[in-house]
Amino acid sequence: MNYASYIALIPLLPLAGFVILGLFGKKPFARSAGVIGTLLIFISTLLALYTAYQYFFVAGKQHGIYPAVKALEFTWLQFSPGLSIDMGLLIDPASVMMLVVVTFVSLMVHIFSIGYMKGEERLSTYYSFLGLFTFSMLGLVLSTNIFQIYIFWELVGVSSFLLIGFYYDRPAAVAAAKKAFIVTRFADLGFLIGILILAFYSGTLDFGTLIQRLTEPGSSALAQLKGYGFIGIPVFSWALALLFIGGAGKSAMFPLHIWLPDAMEGPTPVSALIHAATMVVAGVYLVARLYPVFVLDVPVLQLITWVGVISAFLAAVIACTQTDIKRVLAYSTISQIGYMLFALGLAGYTASLFHLFTHAFFKSLLFLGAGAVIHYIHTNEMGNMGGLRKYMPVTHITFLIACMAIAGIPPFAGFFSKEEILLTAWQNNQPVYYIALLTSGITAFYMFRLYFSIFWNKPLAHNHNHHGEGPWSMKFPLLVLALAAVVVGFIPFAHYISAGQQAAEHTIPISFSIAPVAMALAGIALAYMLYYKQNERPQKLATAMGGLYRLVRQKFYFDELYLFVTKKIIFNGIAKPAAWIDKHLVDGLMNGLGRATTGISERIKAWQSGSVQSYALYFFGGIVALAAVFIYWWTG
Amino acid sequence: MSLSLLIILPLITAVALLLCNGLKPVRVVALTGAVVQLLYSFYVLLMYHNQRVFDGTPMLLQENHVWFAPLNIHYHVGVDGISMAMIMLTAFVTVAGILVSWKIEKLSKEFFFLLTLLSMGAYGFFISLDLFTLFFFLEIAVIPKFLLIGIWGSGRKEYSAMKLALMLMGGSALVFVGLAGLYFSTQTAGGEHTFNMLQIAQLRIPPETQLIFFPFAFVGFGIFTALFPFHTWVPDGHSSAPTAASMFLAGISMKLGGYGCLRVATLLMPDAAHAYSWIIILLATVAIIYGAFATMMQTDLKYINAYSSISHCGFVLLGIGMMTQTAIMGAVLQMVSHGLMTALFFAAIGMLYERTHTREVAQIGGLLKVMPFIATVFVIAGLCSLGLPGLSGFVAEVTVFMGSWENADVWYRLATILACASIVVTAVYILRAMGKVIMGPLQVEGASLQQAGALGDAGWNEKAAAGLLIIGIIAIGVAPFWLTELIKQ
Amino acid sequence: MNIPLTHILFVSTALFFIGMYGLFTRRNLITMLMAIELILNSVNINFVAFNKYLYPDNLNGVFFTLFIIAIAAAEAAVAIAIIINLYRSHRSIDVEDVREMRG
C-alpha cells in the first residue's frame with residue numbers, strides 16, 4: 001500500500017505554514033496569520049485521522065499484527081557505504097497514534113490561540129513558530145531511524161526555545177528559554193553518543209534493522225556490545241543509558257527536570273502543546289521506539305523505572321506547594337511522565353503509551369483551561385484567584401473534567417490508563433506500586449487544590465474584566481478536549497498498540513481499582529477540606545511542616561544546585577581559567593616571541609649608530625682583520 | 001572557457017577597479033565582478049559535474065603550462081569535488097563581503113581592490129595542482145589582509161594587523177619549508193624534482209622524509225586554520241578587521257589552511273599523517289574544548305565569534321586527524337559550513353556595530369525590537385553555530401563525529417566524546433549572547449530608548465548579503481546529499 | 001743618493017695612519033675631508049714609489065696617481081658641497097650632530 005503521497009503532507013503543511021508566515025508574516029498575512037496556520041494544521045489533522053482510519057481499519061492486521069510500513073524513505077546524508085542518515089515516514093501503531101495526538105492537540109492549540117493571542121503584535125511569528133514545532137514533532141514521531149529522530153529532536157528543542165522566549169523582552173522568558181535549551185542540549189549529548197555507539201556496533205541507524213540485528217538469536221552485534229566494557233559497564237548499557245539520558249532530558253525527568261517549570265514563561269497555549277502533550281513525551285516515545293532493544297538490558301530498565309518513579313513522586317510533592325497555576329501543571333506533567341516511564345521500565349509498553357495518549361488530552365485541556373483563566377484574570381498566582389466558577393462556566397466544567405481525569409476517577413480517561421500502569425507495577429514491582437499509589441493520591445490532592453483555589457475558595461476581590469470568559473475560539477477547544485478526556489479512555493487501546501504488537505488484551509479486575517480510586521477520593525477530600533472555602537488550615541499546615549515545607553516549596557533546591565555548578569564550577573572553574581590562559585599564556589607566548597625578536601633587534605640596532613666615523617672604524621677593523629687572516633692563516 | 005578564468009576574472013575586476021574613480025562606479029564594478037565570478041563558479045560546477053566520471057581520474061578541467069622551466073615549476077590547475085566546494089564557498093563569501101561593504105567611504109577603491117585581490121588568491125589556491133603555484137597564491141591571499149586590517153580596521157588595528165601578518169607569514173614560511181622538502185624528496189623517491197601534486201601523490205615519498213616535512217607543512221597550514229596553540233591571531237585579527245575582511249578572514253582564509261592541511265600535508269604525506277595523527281587529534285580536541293570555554297568568557301561579539309571559530313575549526317582538524325573517509329568528508333563539510341556561517345555571523349555583527357557603535361554584549365540588548373531582520377540573521381547564524389539540524393553546521397559536525405567514531409581506539413573515542421561535549425558549551429555561549437543582544441529589554445549604550453528605537457533595520461545590500469549566505473547554509477543543512485555527492489571521491 | 005724603498009713606504013704608511021687617526025678622531029667634517037686627502041696622498045706616494053723602484057720601465061703607477069688626484073679633486077668638490085648643505089640644514093658641520101643614518 002502506498003501511503004506516501006498524503007502522509008508526507010501531514011508534516012509538510014505545518015512547515016509550509018512556518019515558511020509562509022515566517023517570510024511574509026509582516027505584510028500580507030499579519031492579520032490572517034492565525035487563520036492560515038489553523039487551516040493548514042486542520043488539513044493535517046484530517047489527513048492524520050484519515051491515515052489512522054486507513055491503517056487501523058482498512059489495512060488492518062496482517063498475520064495478527066499491525067505491520068510497520070515505511071511510507072517513504074530517501075538517503076539524506078551518506079556516511080559510508082553501509083551507513084547513512086535517511087529521511088522517511090514510518091507508519092506503525094505507535095507513530096499513527098502519535099500522529100493523531102500531535103495534530104489534534106496542535107489544532108486545538110491553534111484554534112485556542114486565535115482568541116488567546118488576539119491583538120498580539122507578532123502574531124504571524126507566533127503562528128510560524130507553532131508551525132515549525134508541529135512540523136518537527138510530526139517528523140519526530142514519523143522517524144524511521146534513530147538519527148532522524150535526533151534531528152527532529154533538536155528541532156523541537158529549538159522551536160520550544162523560540163516559543164518559550166516568545167515574549168523576548170521579558171528577561172525571565174529569555175532565561176527560561178535558554179535554560180530549557182541548554183539543559184535539553186546537555187541531555188542530547190548523551191543521546192548523540194548513544195547513537196554513535198549503537199550505530200558503530202550494529203552498523204545501522206534504521207529502527208527496524210537495528211532492532212532486528214540486536215534481537216535476532218546469536219546476534220553478533222549484541223555480543224560485541226555486551227562484550228566490550230568501559231569502566232566495568234558493558235558498552236550496551238552505556239549506549240542505552242545515554243539514549244535514555246537524552247529522553248529524560250526532553251521529558252524533564254529527575255534530575256534534569258529543572259527546565260520545565262521555568263518553561264511556563266511561554267504563552268500558555270504553547271505550554272499546552274509543547275510542555276504538556278507532545279514534546280515532553282518524546283523521551284517516552286524514544287524509549288518505546290527502541291523498546292525491544294531496551295528490554296535486552298535489565299539494569300537500564302531498572303534505571304528507567306526508578307528515574308520514572310522518583311520523578312513522579314517528587315514532582316507531585318513539589319506540585320502541592322506551588323502557587324503559580326502553570327507551575328503546578330508543569331510539575332504535574334513531570335509526575336505523569338514519570339508514570340509513563342516507570343511503566344515502560346516495568347514492561348508495561350501498552351500501559352505507558354495509553355497513558356501518554358490520554359494524558360495528552362486532559363493535560364492540554366488543563367493548560368488551555370489555565371490559559372483561559374489567565375486570559376481572564378491576568379495573573380498566574382493562585383492567591384489572586386477564587387470564585388471564578390460564576391464568571392467562567394465553560395472553563396469551570398471542562399477544568400473539572402480534566403482534574404477528574406488526571407486524578408483517576410472513573411469513567412474519565414486518566415482512570416483507565418493509570419489503572420493499567422498501576423496494574424503493571426503491581427505485577428512486577430511492589431515497592432514501585434506503593435509509591436505510585438501514594439503519588440496518585442497526592443495527584444488528586446494537588447489537582448483539586450488547584451481546582452478549588454481557582455473556582456471556589458474566596459470570591460474574586462477585584463474583577464476588572466471586560467471581555468467575559470473569552471471568544472468561542474477559546475471555548476470550543478476546551479469543549480472538544482473535555483469530550484476527548486471523557487471518551488478516549490474507552491478505546492480498547494491494547495488491541496491496537498502493544499509490545500511486539502501482539503495484542504495482549506486483558507481486563508482489569510474491579511477489585512484492583514478500589515485502592516487507587518479510594519486514594520484519589522481521599523486526596524480530593526483533603527483538598528476540599530483545605531481549599532473549598534477560604535480558611536487558615538493550609539497556612540497552619542504549612543507552618544506545622546516547617547523545614548520540610550520550605551524544602552519542597554523551594555523545589556528541593558535543585559535550581560540552586562545547578563546554579564552553583566554552572567556559575568561557580570563551570571564558569572569560574574573552567575571557562576575563566578581557559579580565557580585567562582589563552583590571553584596570558586598562549587597569546588603571551590606568541591607576544592613573547594615577538595618581544596624577544598624586537599629585543600634582539602634593539603641590541604643589534606645599537607651598532608648602527610648613524611655616526612659615519614664608527615662605520616669607517618668597523619670598516620677599517622674589518623679590513624685589518626681580513627688582511628690578517630689572508631696574510632697569516634690563509635696562506636695555503 | 002577554462003578554469004584559469006577563475007583567476008583572470010578577479011584580476012580583470014581588480015584592474016578595472018584601479019581605473020575607476022569615486023565610490024559609485026567602484027562598488028558597481030566590484031559587485032559586478034564578484035557576481036560574474038559567482039555565476040562562472042556555477043558554470044564551472046556544471047562543467048565539473050558533466051565531465052565527472054568515477055574512474056579514479058582525480059582532477060578535472062586541468063590546464064598545465066610551464067612557468068619556470070629550470071625548477072620544473074608549472075602553472076597547473078584543476079579541480080576535484082573538494083576544491084569545487086571551496087570555490088563555491090569563496091564565490092558566495094566574496095559577493096556577500098562586497099555587498100556588506102557597500103557604504104565604505106574611506107579609500108573605497110583600494111578597499112575593493114584588496115578584497116578582489118584576496119579572492120583571486122583564494123581561487124588560485126584552491127585550483128592549484130602545482131605546489132609552487134599553490135604557495136604563490138597563498139601569499140597573494142595573505143598580504144592584502146595586513147592592509148585591510150591596518151587601514152580600515154578598528155580598535156588596536158596596527159597591533160592586530162601586525163600580529164596576523166607575522167603569524168601567517170610564519171605559517172607560510174613553515175609551509176614553504178614543507179613544500180621545498182617535498183620538492184627535493186621527489187628525486188629520492190625516483191622521479192624528477194617536481195612540484196606537481198598528482199605526481200607526488202603517485203610517488204610515495206619515503207616515510208622518513210615524510211616524518212620530517214609533514215610537521216612543517218601541517219603546522220604551517222595549521223596556523224592559518226587556528227591550530228592550537230598558534231591560534232592567537234584569530235581573535236585579535238578578526239576583531240580589528242572591518243566587517244568584510246572578517247568575513248573573508250574567517251570564511252575563506254582559515255579554509256586555505258584547512259584545505260592545505262588536507263590536500264598537501266595529509267594526502268601527499270599519508271604515512272606521516274598516520275604517525276602524527278594522535279598529536280593532531282590532541283591539538284584539535286584541545287582547540288575545540290578550550291576554544292569553546294574561552295568563548296564563554298568573551299564580552300565582545302567579534303571576540304565571541306572569533307573564539308568560536310577556533311573551536312569550530314578544531315572540528316576540521318579533528319576530521320583530518322581521524323583519517324577516515326567519513327571524517328575527512330566531515331572536515332570538508334565543516335570548512336564549507338563554517339565558512340558560510342561565520343561569514344554570516346560577522347556580517348550580522350558588523351551590521352549591529354554599524355548601528356549601535358558598540359560590540360560589547362553588556363552594552364546592547366533587545367535589538368529584535370528595532371532591527372528584526374538583522375536580529376533574525378544573528379539568530380540563524382547562532383543556531384547554525386550551535387549545530388541545529390536543518391542548517392549546515394549540524395551536517396558537518398555530525399559527519400565528523402560519525403567518522404571519528406569509526407576509529408575504535410579508546411583515546412580517539414574519548415576525543416570524539418569531548419568534541420561532542422563542546423556542542424553543549426557552544427549552545428551556552430551562543431544563547432548567552434543571543435539572549436542578551438537580541439532578546440531582553442531594549443538597550444543601546446549611549447543612546448536613549450527613543451534613539452535606540454529609531455535605529456534602522458538592514459538595507460537592501462545587507463539583506464542581499466545575508467540572504468545569499470543563508471541560502472547556502474540552508475541548502476546544505478536541508479539537503480546535504482548534493483554536497484556530499486560532490487565531494488565524495 | 002739612493003734612498004731605499006722602505007724609507008718611502010715608511011713615510012707613506014705614517015701619512016696613512018695620520019690620516020686614519022684624523023678621520024676617526026676629528027668631529028669637524030672639513031678636517032675629516034683633509035684627513036681623507038692625506039690617506040689618498042699616502043696611496044699616491046706608494047704608487048709612485050713602487051712604480052719607480054719595481055717597474056721603472058712602466059708608467060702605470062704614475063697614471064694611477066694622476067687619476068687619484070683628479071678624483072680627489074672631484075671628491076673634494078662634492079664633499080664640500082655636501083658639507084655646505086649640511087651646514088645649511090643643521091647649522092653645524094660636526095658629525096656628531098648628523099645622525100640621520102641611525103638604525
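Before starting, I noted the burial rule: a residue counts as buried if 20 or more other C-beta atoms lie within 10 Å of its own. I also reminded myself that this is a predicted model.

Entry one, helix H2 of chain B. I first checked its length: H2 covers residues 23-51 of chain B, and at 1.5 Å a residue its 29 residues should span 42 Å. The end C-alpha atoms are 41 Å apart, so the span agrees with that expectation. Next I asked which residues of H2(B) are buried. I found B:Val26, B:Arg27, B:Val29, B:Ala30, B:Gly33, B:Ala34, B:Gln37, B:Ser41 and B:Val44. Looking for what covers them, I found helix H1 (5-19), helix H3 (81-100) and helix H4 (108-127) of chain B included.

The unreviewed UniProt entry puts "domain: NADH:quinone oxidoreductase/Mrp antiporter transmembrane" at residues 128-416 of chain B. I get 79% helix and 1% strand for that span, with its end C-alpha atoms 33 Å apart.

Entry four, where chain A meets chain C. I see 10 residues of chain A in contact with 10 residues of chain C. On the chain A side, helix H27 (residues 612-633) gives the most, with five residues. That side of chain A has four nonpolar residues, five polar and one charged.

Key: Residues numbered from 1 in each chain as written. Chains lettered and ligands numbered in written order. Predicted model: local features only at pLDDT ≥ 70, side-chain atom pairs only at ≥ 80, totals over all residues. Contact = placed C-beta atoms within 7 Å. Helix = DSSP H or I, 4+ residues; strand = E, 2+ residues; numbered from the N terminus. Nonpolar A, V, L, I, M, F, W, Y, C, P; charged D, E, K, R; others polar. UniProt positions renumbered as here; feature names shortened; annotations may be inferred. Expected span 1.5 Å × (residues − 1). Buried ≥ 20, exposed ≤ 12 C-beta atoms within 10 Å, placed from the backbone.
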